[in-house]
Amino acid sequence: LLSVLKDCDEIVINCADVQKADAASLQLIASLVTTAKENHMPLTWKDASESFIGAAELMGLKETIGLE
């Protein structure tokens, strides 16, 4: 993951059209966000659907992934 991210100037996550988010996808995004923070890489959320936000909240990952 880090080798791919090193070639990026900025990471933008757009989850506007997400209707369902499972545990595995949220864990992957949490890993991405944590790796970006640890390596001082800019990461922003462009948009997130209510379904995605609700799933992140249900799993206790809302703060971890930066959807405060």
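A residue is called buried here when its relative accessible area is under 20%, and exposed when that area is over 50%; with this cut-off in hand, one can read the predicted model from its interior outwards. Both W45 and F52 are buried, and these two residues also form the one aromatic pair that a search of the whole structure finds. The ring centres of W45 and F52 lie 5.6 Å apart with their planes at 45°, so the pair counts as tilted, an angle that falls between the limit of under 30 degrees for stacked rings and that of over 60 for edge-to-face ones. Across the protein chain as a whole, buried residues account for 32% of the 68 residues.

The setting for this pair is a chain with three helices and two strands, which follow one another along the sequence in the pattern α-β-α-β-α. The radius of gyration of the protein chain is 12 Å, close to the 11 Å given by the globule rule for 68 residues, so the chain is as compact as a globular protein of that length. Its C-alpha trace spans about 30 × 20 × 20 Å along the principal axes. Of the contacts between residues at least 6 apart in sequence, 72% join residues at least 24 apart.

Notes
Residues are numbered from 1 along each chain as its sequence is written. This is a predicted model: local features need pLDDT of at least 70, side-chain atom pairs count only at pLDDT 80 or more; totals for chains, interfaces and linings use all residues. Side-chain values use heavy atoms; hydrogens and water are left out. Helices (H or I, at least four residues) and strands (E, at least two) are DSSP runs, numbered from the N terminus. The radius of gyration is taken over C-alpha atoms; the globule rule is 2.2 Å times the number of residues to the power 0.38. Buried means under 20% relative accessible area, exposed over 50%, partly exposed in between (1.4 Å probe, protein chains only). Contact means heavy atoms within 4.5 Å. Rings of Phe, Tyr and Trp (its six-membered ring) pair if their centres lie within 6.5 Å; planes under 30 degrees apart count as stacked, over 60 as edge-to-face and the rest as tilted.
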